[in-house]
Amino acid sequence: MTRASDAARLPPPLVGVDPAWSRLVRAVDAEGIARTWHLLDNGVTPTIGTLLCVHGNPTWSFLWRRFIAQAPPGWRVVAVDQLGMGWSERTTPRTLAQRVDDLGSLTEALGLTGPVVTLAHDWGGPISLGWALEHRDQLRAVVLTNTAVHQPADAAGPALIRLAHTPGVRQSSCVATPTFVRATTALSRPALPREVRDAFAAPYASAFRRQAVGDFVADIPFDPRHPSAPRLDDIAARLSELADVPALLLWGPRDPVFSDVYLRDLRKRMPHADVHRYEGASHLVTEDAPLAATHVWQWLADLADLPEADREADASDPPPTDQSAGEPLWAALSARSNDHATAIVELGAHERRVSFAQLESTVRDLAAGLVGAGVRPGHRVAMLVPPGADLSAAVYACWRVGASVVVADAGLGVRRMGRALRGSAPDHVIGIAKGLLLARAAGVPGQLIAAGPLDRATMALVGAAHSLADLARSGRSTPLPALPSPDGDPEMAVLFTSGATGPPKGVVYRQGQLRAQLAALRTTYRLTTEDRLVAAFAPFALYGPALGLGSAVPDMDVTAPDTLTATALADAVSAVDGTVVFASPAALRNVVATAHDLTPQHRHALAGVRLLMSAGAPVPASLLRAMTEVLPAAEAHTPYGMTECLPVADISLTEIEALGAGDGVCVGHPVAGVTVAVIALDADGRAVGDPAVTAGVTGEVCVRAAHLKDRYDQLWATERASRHSSGWHRTGDAGHLDDDGRLWVEGRLVHVVTGPDGPVTPVGPEQRIEALPQVDTAAVVGVGPAATQQTVVVVVRSGTAPPGEPRDGLAAPDLSAAVRASAGVPVAAVLVARALPVDIRHASKIDRSRVSDWATSVLVGKRAGRP
Amino acid sequence: MKVLVTGASGMLGRQTALALAARGDDVTVLQRHPSGLPLPEVLADVADRAAMRAAVAGHDAVLHLAAKVNVTGRWADYERANVQGTASVVQACAASGVERLVHVSSPSVAHSGASLVGVGAEVADPTGARGHYARSKAYAEQVALGGDGETLAVVAIRPHLVWGPGDTQLVGRLVERAQSGRLPIIGSGAALIDSTYVTNAVDALVAAVDRCREAHGQALVVSNGEPRPVGELIADICRAAGAPTPTRHVPFPAAALVGGLVDAIWATRLALPFGGSPGDPPLTRFLAEQLSTAHWFDQRRTRELLKWTPAVSLEQGLAELADSFGTT
């Protein structure tokens, strides 16, 4: 007999919930007692399948409202309120085993017979997985969000939950007061709207109604003797049975309860799972990242399309073949094991020279030592070591073991770098003292290994278990590890995008892709073993040994490219008789500025350089021209590419100067092995069609190459959006191909102005405006809603402003007229600013989105300050 | 086509009547005072229902421009001219079996004082509209579109800030104030404002007569689609007219405060019997808002439904204006 207060009921009207979804259903519980459940159910007769959604504690089916609202035709969505929770009937405490059985009994009562996809959050995870393991015949896929099936050894346990688990605390925080209920929805940043927080709390308005919230916490088995422990262990152990069931893990890494530790545990148990980490999202990941609902439906649609997609992949052109297929990345190094020529020179106060023979033997010893320290094929090893001999030895040793290296660039800034590294979930971290401290502070997981001279006390302080020197020593007496299996194409590196428009994204490369990149560099720049490389550009400093080139690292702070002086560059060149120089434009600017310090000896050494490459940010032709004074014999080139694919195209200074001005920046012909195509923009400025190689059509630049990234790391939805179809990567750049097949870049796709007369790309007009004598820099931005935007130009003056012109605001009439006359596109307004905001990493990419926001404020008549 | 044009004494009404006649339509004009146009003419008050029924009879289309356009005055006058007048026109059309009615409205009917940035024609809102003119036009548009039905197709066209040679409303007032040094720049002068060169507005109204069936029941904003910072637009118009360009800035809050006070004083004076002829006050709150907030519009729907695009650019329009003032 149910007391009235125990009874299930229908919720009041709530935001985002169609009252028609709410229903009460009778089903027997695990003990055979009839219970009434409240569900949100779209009531569709499924022709494709049913999405069965299971919430955790202390939420309810409200959590899944967006999934119901966005359900495509053919899908039924059933979101349950667990017994005692939400608007379902209040009961005596339920154990995990009972809850799994309760759910099974409910789905039986509902007659869910067709294919089912489970979707769960928090402690709903183990319950849904328990159901999944018992319904293999109808299980189509599994989706999990911030949950756990096991307390990993390296976790202190969800400290907050452990605290709440303490009986006194549990009663007061979970039942007697709504602290726990309210705290759950208070974790989000930015905060959830009040109406959403209230909706989550609505069914838990009294201590009586919250009883199950406390009981649920009490049922978490922290102790192996806990009655629910065996069932949880059983579910965790049997996850391997789901190896052939498609799985998707969606994660909010800011969750103080189910941190990345639990994601790593689940990924180990379900290595085939697709993963998307929503950087910045917290425990209620589907609230903090509302797009998660869209992503789940996309993922499910892709599952249904899979056989078709496979056919499409077969039909499309195969990516260019890898010329040195089969050779490991360290082959060029092994080939020189008896060569005493210089492999790496570190310039600076303590100049250090390492020969190829030395480097090769260090790599071998270190590889053996790393195996002894637990580094295994497939592991990820984060590198927090400045470019030089130690970094090269560590990287090649990891590759020799079959491990992948995670290389973060200090240019990301310490906080973003820490977050990026933590997200990449390395198994080990190799770093200098500063790097290891950063890794500790940022919560980067993994065993710490010290690089460079570090005394025992410091090692103990930072928590380093080993040092590279010790490992190399111990490795010397250990047999070389077996070569990684030659069949597979193992992951070799994770690099990071600059994240100019969001958090940095991890980019995963496999061995074949890195090998192809080396081949592309070798072919494009005709590199031979006669060349020696001076790399003032972090990623390329690593490639000397793989290319079989001696290399030098100039004396500079690699995290600040503008610390490279002309004399430091000359010293590095003369140390290895350098023939090739690779440096970022910021570094070159300082070299030009300090060229007056060069001695005749310096100039003599620099005259031996045959090739200058500069990349990392837009490289003005004037800068390359100025560098010809410093490197008189060098042909200046600028490769175009991105973290996801480099190089894509290349152009020389000679070619830039011969071409003159055009619509955008000419980045040259695609390099050998790269295909470039363009997805034309529609009237609304969206790139929606197929990539095509048609001259003169402006659109999103797409590339195919054997050295294109494998994927974004744990960013399933980003990866999906970046792939047009098999093989094509959408760069997010807008541009066009000319009649001769050269690529012209016209700006970022997100910065294209979408006006009523069609899209306007910013770079062409900016270049024309910047040719005016009174203009230093210009930014062309759109204001107003997409597809009906007006074009606005914001300029930084090169001279003094006329009286009456504000420092940041409407430009004086004569400047305005000059800009309109030169822009080549209709301009609604011309504004002036003291400076334009730029990105952190390169300090040269104009943040046009911020400029647009500022211009919008000014042009509605607001007092807007400066951009 | 037999077309009746109401309110042909203003710049837009005159030119539209002439344009319709020039392409061969059989045009009659209707207003209270002789227009001087070489066209058949009925002298009547649109609010006079019997006179309107008689005037409308036998026409295929009515283009209704007649309205009280001002920034001050008594509500009763606006209500009679704009709301009752429109109701009278709609009723006459319905009674006489006229098939097309083009009602000339104003973007101010949907403007509550906030900036309008690239929006379409939003629903007319008499309670939110600012000032007697905008409120009365909002009611008028509701009345007009309420008459849209099976036999009578009604479309409301909202031309935004129409100007051109011979314009006494916008250009005339700006130039007169600029010459007497009473034209300040309100706020930063940077608010983006769209406007309509008169020829483009005429073309749009002619197109609306032709496309009345396809666009019926809709309100459509018409503009050049070339917004400019308000300070720049006013300076350009002054320059074309040979008047001094404004240099004095008045911050918006001060302008609004003064404008509000002026509104209140003028309202009091007008409410008094024998209050005298106040003319236009130098500034009203409505005007202050109009000149310091952005107003520009999404023209895609208008262009698609009317099959019309502006033929004269802002630059060409300014050149024609300068020609008319002999300042080129």
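Modeller: Start with chain B. Buried residues make up 55% of its 328 residues. A residue is buried if 20 or more other C-beta atoms lie within 10 Å of its own, exposed if 12 or fewer, and partly exposed in between, with C-beta atoms placed from the backbone. In chain A, 53% of the 867 residues are buried. This is a predicted model, where local features need pLDDT of at least 70, side-chain atom pairs count only at pLDDT 80 or more, and totals for chains, interfaces and linings use all residues. Residues are numbered from 1 along each chain as its sequence is written, while chains are lettered from A and ligands numbered from 1 in the order in which they are written.

Colleague: What is the mean pLDDT of chain A, and which residues are below 50?

Modeller: pLDDT is the predictor's confidence in each residue, from 0 to 100. The mean for chain A is 90, and 94% of its residues reach 70 or more. Over residues 308–324 of chain A the pLDDT is below 50. Beyond near neighbours in sequence, that stretch still has 22 contacts in the model. Two residues are in contact if their C-beta atoms, placed from the backbone, lie within 7 Å.

Colleague: How do you know whether chain A agrees with a compact globule?

Modeller: Set its radius of gyration, taken over C-alpha atoms, against the globule rule: 2.2 Å times the number of residues to the power 0.38. For 867 residues the rule gives a value near 29 Å; chain A has 30 Å, so the two agree. Its C-alpha trace spans about 100 × 75 × 55 Å along the principal axes.

Colleague: How many helices and strands does chain A have?

Modeller: Chain A has 31 helices and 35 strands. Chain B has 11 helices and 15 strands. Both kinds are DSSP runs, numbered from the N terminus: helices are H or I with at least four residues, strands are E with at least two.

Colleague: Why is helix H29 of chain A called largely enclosed?

Modeller: Count its residues. H29(A) covers residues 763–770, and six of the eight are buried, so the helix is largely enclosed by the rest of the structure. The buried ones are Val763(A), Gly764(A), Pro765(A), Glu766(A), Arg768(A) and Ile769(A). Their cover includes strands E24, E29, E32 and E33 and helix H30 of chain A.

Colleague: What makes strand E16 of chain A mostly covered?

Modeller: Six of its six residues, 491–496, are buried. E16(A) also has strand partners. Two strands pair if DSSP finds at least two bridges between them. Strand E12 (residues 404–407) of chain A is joined to E16(A) by two bridges, and they run parallel. There, Val405(A) is partnered with Ala493(A). Val494(A) is bridged to Val508(A) in E17(A).

Colleague: Which residues touch the most other members of the largest nonpolar core?

Modeller: Met383(A) and Ala394(A), in a core of 373 residues. Such a core is a set of buried Ala, Val, Leu, Ile, Met, Phe, Trp, Tyr and Cys residues joined through C-beta atoms within 7 Å. Helix H15 (residues 389–401) of chain A gives the most to this core, with 10 residues. Among the residues that Met383(A) touches are Leu391(A), Ala394(A), Val405(A) and Ile430(A).

Colleague: Why is Lys307(B) called exposed?

Modeller: Lys307(B) has 11 C-beta neighbours inside 10 Å, so it counts as exposed. This residue is found in the loop between helices H10 and H11 of chain B. Lys307(B) has a positive phi of about 50° although it is not a glycine.

Colleague: And why is Asp577(A) partly exposed?

Modeller: Asp577(A) has 15 other C-beta atoms within 10 Å, so it is partly exposed. Asp577(A) lies in the loop between helix H23 and strand E20 of chain A. Its phi is positive too, at about 50°.

Notes
Lists of a residue's contacts leave out its neighbours within four places in sequence.
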